[in-house]
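Please look at the sequence and the 3D structure below.

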Amino acid sequence: METLTLADFDAAAAEFDAAVVATPGIDHFCSSSAWVLPAAEALMPARDPWLFRSEAGFAACMHNDAFGSVEPLELAWGLACPLVGHDLERLCAGFAAECLFRRGAWRYLALSGVPMHGEVCRAVVRHFGPSFPVRVGASTVRHVASLEGGVDGFLGRRSRNLRKGLRQALRAAVAAGIGFESVRVGDVAAADALYARILAVEERSWKAREGHGIAAGPMCEFYRRMIRRLAVDGRQRTLFGRHEGRDVSYILGGVLGQRYRGLQFSYDADHEAFGLGGLGQYHQVIELVAEGVTQYDLGTDMDYKRRWAEQVEETVMLVVDNRAGFGG
């Protein structure tokens, strides 16, 4: 397998993303370069590259000297699968051989975002299992809505109470003069201007008032870097709610293939009564259906997401144990 620097990996982002899309069952968006590179740069501690490429795909990890562990580029949520490609058997065989050759340098190998009983899981167990114990760690649940059948099909799979509440919110928004604007940008400068609009709404939200928003700290930089990458690739999708000439809500997401991944939404706390979170999602669905997107990934488990989606997708963390060989 070819060893890559982080700069090499960044330069191969398009090739890596194609390998991500070819990998069945994983969280494609959160395994892609637009997610894992900003996470590695903005959210994770300083680590050394443990990046490999072969004709079969990529093994995209980092080495954490503090713990003697090999980890995915993104381990903040554990959504990214670091093993991606069109031939997972060959990929895992090669990566297992590399890890065995370097067994004195690591104690644990953490492989997040792995679909239980899927191809990645089977290949890991088959090729690491003879040399190392492989354990199943924490699981992550995501909620996904189908957009098949268009807006009517999407709404038809929602509860009667949700549809009723949405109709009432739509009427109230129209009466109050609230409208919605879809914004797409295509370069870094425009992405930064877009992010400034998003942060202006975020700073007036309940999230910011309670210290949970993305307007400051590492999360602010994480999303700044992600939006830049999504914009340059033409995959950024943002929709604003507007009232009396100013932004009062936003919903931010990105697309990969035919799937949209919701990332963040928020609204001006003074406009809370209008249900702008649900209205933003509804209008975003309209936009996505118009461009042919077929799935809406709402992300990790929260109560409201269960009402907006009908599919559940679960991945796990696999932990490969090399305590016996570490330091040898």
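A salt bridge is a side-chain nitrogen of Lys or Arg within 4 Å of a carboxyl oxygen of Asp or Glu. This is a predicted model, in which local features need pLDDT of at least 70, side-chain atom pairs count only at pLDDT 80 or more, and totals for chains, interfaces and linings use all residues. Residues are numbered from 1 along each chain as its sequence is written, and side-chain values use heavy atoms, with hydrogens and water left out.

**Salt bridges**

By the salt-bridge rule, the count comes to 32. Three of these pairs are listed here.

| Asp 301 | Arg 306 | 2.8 Å |

Helices here are DSSP runs of H or I with at least four residues, strands are runs of E with at least two, and both are numbered from the N terminus.

Now turn to Arg 306. Asp 303 and Arg 306 both lie in helix α13 (residues 303-308). They are three residues apart, about one turn of the helix.

How accessible are these side chains? Buried means under 20% relative accessible area, exposed means over 50%, and partly exposed is in between (1.4 Å probe, protein chains only). Asp 303 is exposed, because its relative accessible area is 54%. Arg 306 has 46%, so it is partly exposed. Asp 301 is partly exposed at 35%, and Asp 10 is partly exposed at 32%.

Salt bridges can also link up. Asp 27, Arg 142, Arg 259, Arg 261, Asp 297 and Glu 313 form a network of them.

Which side chain of opposite charge is nearest to Asp 17? Lys and Arg count as positive, and Asp and Glu as negative; His and the chain ends are not counted. The nearest is Arg 235, 4.2 Å away. Asp 17 is buried yet has no salt bridge. This residue sits in helix α2 (residues 13-21). Its side chain makes a polar contact of 2.8 Å with the side chain of Ser 33. A polar contact is a pair of N or O atoms within 3.5 Å; within protein, one must be able to donate a hydrogen and the other to accept it, and residues adjacent in sequence count only if both atoms are side-chain atoms.

Glu 98 belongs to helix α5 (residues 88-101). At a relative accessible area of 13%, Glu 98 is buried. A polar contact of 2.2 Å joins its side chain to that of Arg 102. Leaving aside neighbours within four places in sequence, Glu 98 is in contact (heavy atoms within 4.5 Å) with Met 1 and Phe 52.

Helix α4 (residues 33-42) and helix α11 (residues 217-232) have axes that come within 9 Å and cross at roughly 145°. Axes are lines fitted to C-alpha atoms, for helices over the stretch in contact, and angles run from 0 to 180 degrees between N-to-C directions. Among the residues that meet are Ser 33 and Trp 35 in α4, and Phe 222 and Arg 229 in α11.

**A strand residue**

Val 141 is found in strand β7 (residues 134-146). It is partly exposed, at 24%. Beyond its neighbours within four places in sequence, Val 141 has contacts that include Asp 301 and Glu 313.
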